[in-house]
Every structure is written in C-alpha cells, then in structure tokens.
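Biologist: I would like a close look at a single part of this model, one place where two elements pack together. Please set it in its surroundings too.

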Amino acid sequence: MSSFSSKIADIRKDFPILSREVYGKPLVYFDNGATTQKPKVVLDTIEKFYNSINANIHRGVHKLSAESTEEYEKAREVIREFLNAEKTSEIIFTSGTTASINLVAFSFGEVFVKSGDEVIVTEMEHHSNIVPWQLLCERKGANLKVLPFDENGELKVDMLESLITPKTRILSVTHVSNTLGTVNPIKQIIEIAHRHNVPVLIDGAQGVKHGIIDVQDLDADFYAFSGHKIYGPTGIGVLYGKEKWLNQMVPWQGGGDMIATVSFAKTTFNELPFKFEAGTANYIGAAGLAAAINYYKSVGIEQATAYETELLNYATKKLLEIDGLRIIGTTTDKASIISFILKDIHPYDTGMILDKMGIAVRTGNHCTQPVIDHFEIDGTVRASLAFYNTYEEVDRLVEGVAKVKEMFG
Amino acid sequence: MTLNEVQDSIVDDFSLFDDWMDRYQQLIELGKDLPPIDEKKRTDQYLIKGCQSKVWLDADLVDGKVQFTADSDAIITKGIVSLLIKVLTNRTPQEILDADLYFIDKIGLKENLSPTRSNGLVAMVKQMRMYALAFQAKGNNA
C-alpha cells in the first residue's frame, strides 16, 4: 500500500456524501464512471458565487458582472493549464462531453466533411461518440468506419493504417473505455492519424480523471470532457480544440455572446472561444469545475491515479477468486473500471442485491451496446473506483458478490 | 379468491420474512419456479423493453377471463412478474382495470415497481392493463 492510502480517511472527509448511509448501511460508491462525488470546496465555491458575485458575464457595465466575468475567465485559465493547452482561446465551455462531441461533429463536419468522405470511430465508443458522427454521416452522405478491438478489450491499432484512406476526414476515439477500462494508446493513435493528415478527437469523459493530460504532448486536435466526472458540477464540460481547426469551423449554435455584430443583412461572429459559446454560459459551473480541478491537483493527480490502479489490481485479484466470475476487459493498461459478469446470473440481479447491501454499481450496457454485443453477453456489472474509495470498500464488494452467488446458486 | 384476497395472501406470505434478504430470496425462488414463456414468444413482438432486464408478456381471453403468460431474463424481475401474474391472471378485464396493486408496496418491494428503475416492470403492468382494455373493447363490440 502506498502512503496515499494513509491520507484516504482525511480525503473522505472532504466529500460530504461519502458519510451517508443507504438502507441503514454505509454507502459504498462504486459508480464513479457515471459521475463522481463532489468535494466540499466545489460546493462552497458554487454557493459563494451565488451568494456574493452572481451576475451575467460579458455584458454588464456593473461591478458584479465584471467580477463574474473575471471568475469565468479565471476558470478557463485553470482548464487551459490543466490540459496544458497553448491558449485559453482553445478552451470552450460546453454542457459536457456529449455537447463537445456534437459541437465538433456539426461545426467541423459542416466545413470539412462531404458526400463520400469517411469518419472513423472505434468499436468501444460510448454512444455519445457514435451517434453524433452517424448523424453527420447521414447529413452529408459520408461513411462511418469502425476500428475493432480484440478479446482483451484492446484496440487493434495495427489495423488503423489500413482503415485510413484519402477520404478520411476525422478520427474520434475514447481515451479510456467506460465499459472495459482500457486505456487506449492515444498518443500512438494520433501519431498514426496525423501521418495521413487526419485530425483526432479524444473523448476524455473517463480519461480526464486518469493521470495528467497534456494536449500538446499528445498533439490532440480535440479533447472533450465533462466536469461532473472529475469531481466538478454537472452541466459544465469542456472542448479543447486547436485554434487552427476552431478558426475554420462554423458556429454550432447562434445566440448572444457569440456574435460581433448583428443586422438582418449580415451577422459577424465573435472571436474564439466565444464564437462557440452562444447564450448565457454556465459560468458558475465553470467556477465549480475550476475548484474541482484545483482540488484534484492538491490531492495529487499522479498519486491519486497510482492509488486507483493499486485499488483496481486489488479488486481484480479478489473478484477473480470468486468461482464463475469473469472480467470483461482484461488488458493490462486499465483505468479503475472493472466490468464483470457472474455465470448464469443476470447483471441486473447482481446489481439489485448489491444495492440492498449499500453498494452502488452500475449494470447494463453502459451506453456501449456494440461492446456488449462483441462479447455476446446481456450486459455487465461495473464497479468504477475513485481515489476516495478504500480497500475495505473493495472487500465489501467482494463479499457482496459472493453473497449474490450464494443467493442465486 | 378475489383479486384482493390473492394480494392479501401474498402480503401474509411475505410478512414471515423480516429482512430484505429473505424477501429477495423468496422472489428468487418464485422467479425460478415460474415456467419460462414459450420459446416462440421470446421475440420482439412480446418484448417489453426495460433498459436493464427484458420482460416478455402475452395474454389470451378464455371464457371472459384474461390469461397472462410472462417471463424475464433477470430472476428478481421474474419473481415479481410471477407475483403480478398470480394477482392478475384469470380475472375479467374489468377486474384488471379496477385493480389497485397495493401488495408490492406492502411487501417492501416498491422500489422494483418504480419508474426510476428501468427493469420493464412498470411498462409490464401498463401493458397488462392495455390487454385488459383491448379485450374489454373487443367484448363490447361483439
């Protein structure tokens, strides 16, 4: 065990919800892949903002509006630094990963994708990184191509080069699979795509809480993530995009704040990043997200990730001791997500019983039907861990699963 | 037994169990005992799609009474399906339409019939009432 585990008791105190009970039992929260819990500092930031600063941004002549705008732009700088983007103009606030991907699928697609062109995704994508591209392809008469993965849940990266043609316009791939836990070799994938001048969008919904992200080192063209999956509030997300692409892309939604001048004859658009931020932004969400990122940094991103890996390895080892348990997603480089099935027991049944024991897991297809179809199963039970989880909680999960086996046996 | 007498007897049976685990164990046994639906009916035509577990349901009208057959791929869901059938099958369409299914709440399984759990059961009850309504309409037209 690392020295990090000695800090867990203190860290847990930062998250008010972790001390609650469900059905009279202490909550074990293992659904961090769906959303993470929020430290008090995030909640305080939001409350303080509403109590003492709140005013609409980028508009007012008055003091509060100036302060509000300043907080919003400070948040943008926190995100820029967190991703190591070159410029704050490359950080666009959205409502979440889904909105970020839809933005690119529309705004990039309008300019660069035409009939007969190709878009590549992978077989392990979340529906949010499939459907926007399908809509684009339908709109433009383009074709969607799919990079498959193998039985361990590893992308067949060696096939990528043969999938790319002169008609390939963009590749969109997840950083970390939300169902399998696989950490994809995105740097290598980007490098291959760039050799053929194909830009790459990284779906960072799960990847953003797994180690340090450096979009310049990765050379990612786009990186999308959600605030609520990284200890921040819901309803705020980020799209990082290289300026050279964002400048060429058309606006996605029209409205206030995204324009320079409006007349009925012609409207001109605001500069980056505001061109893509129509309407009143979720500025309080942005401040909350910045607080979450600062908190995550103060915990120690690398140490937290290393601890999550330790916890993952421990959980994997203990779960595999249960006869008839099969882990779905068995590659070596995994984020702290374990999907499993129990022989002859439906995932929903397992999840129901675990719930009654106070253990929150997710069951089903996790919005990745192609992954579930690949393995020809009914779905999985997914435990997704965060740095505030403990070895004792893993033991409770393992005991719970053993009990499920006994009850259905 | 009337429909409510069946409900009351289920409530009685479950009152023997004082903790949730025994109640669920009982549901699991009920689920296992319910004969599977005819393989030919395990098709989309009879499927009620919950996001999590699947439920198949069919109904016939025999001598003015509705006969339900149903199945699920998850055992707990199937256990509840079995209870719903026990209460609602072999009843007239009017009895089904008038039924107040209070037993689920009384035996502490309310959460399983909540729209927040996407197991298909809420949709199944709705579908059972739809069948009753359809049979009734047909009867009135005959």
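Modeller: Happy to. Two residues are in contact if their C-beta atoms, placed from the backbone, lie within 7 Å. This is a predicted model, in which local features need pLDDT of at least 70 and side-chain atom pairs count only at pLDDT 80 or more, while totals for chains, interfaces and linings use all residues. Residues are numbered from 1 along each chain as its sequence is written, with chains lettered from A and ligands numbered from 1 in the order in which they are written.

Let's settle on α3(A), residues 63-83, and α10(A), residues 283-299. From α3(A), the residues S68(A), E71(A), Y72(A), K74(A), A75(A), V78(A), I79(A) and F82(A) take part. Facing them in α10(A) are Y283(A), A286(A), A287(A), L289(A), A290(A), I293(A) and N294(A). By class, this contact holds eleven nonpolar, two polar and two charged residues (Ala, Val, Leu, Ile, Met, Phe, Trp, Tyr, Cys and Pro are nonpolar; Asp, Glu, Lys and Arg are charged; the others, Gly among them, are polar).

The axes of α3(A) and α10(A) are 8 Å apart, at an angle of about 40 degrees (lines fitted to C-alpha atoms over the stretch in contact, with angles from 0 to 180 degrees between N-to-C directions). The pair is therefore oblique, the class left over once under 35 degrees is roughly parallel, over 145 roughly antiparallel and 65 to 115 roughly perpendicular. The crossing of α3(A) past α10(A) is left-handed, that is, the near helix is turned anticlockwise from the far one by less than a right angle.

In the loop between β12 (267-269) and α10 of chain A sits P273(A), and the peptide bond leading from L272(A) to P273(A) is cis, with omega near -5 degrees. Most residues other than glycine have a negative phi, and most peptide bonds are trans. E376(A) belongs to the loop between α13 (369-374) and β17 (380-384), and E376(A) is exposed because 6 other C-beta atoms lie within 10 Å (exposed means 12 or fewer, buried 20 or more, and partly exposed in between).

T179(A), in the loop between β7 (168-174) and α7 (186-195) of chain A, is buried, because 31 C-beta neighbours lie inside 10 Å. Beyond its neighbours within four places in sequence, T179(A) touches G329(A), S339(A), H366(A), T368(A), V371(A), T380(A) and R382(A).

Stepping back, chain A carries 14 helices and 17 strands (DSSP runs of H or I over at least four residues, or E over at least two). Of its 409 residues, 49% are buried. Among contacts in chain A with a separation of 6 or more, 71% join residues 24 or more positions apart. The C-alpha trace of chain A spans about 70 × 55 × 35 Å along its principal axes.

Chain A also has a partner: eleven of its residues are in contact with 13 residues of chain B. On the chain B side, α2(B) gives the largest share, four residues.
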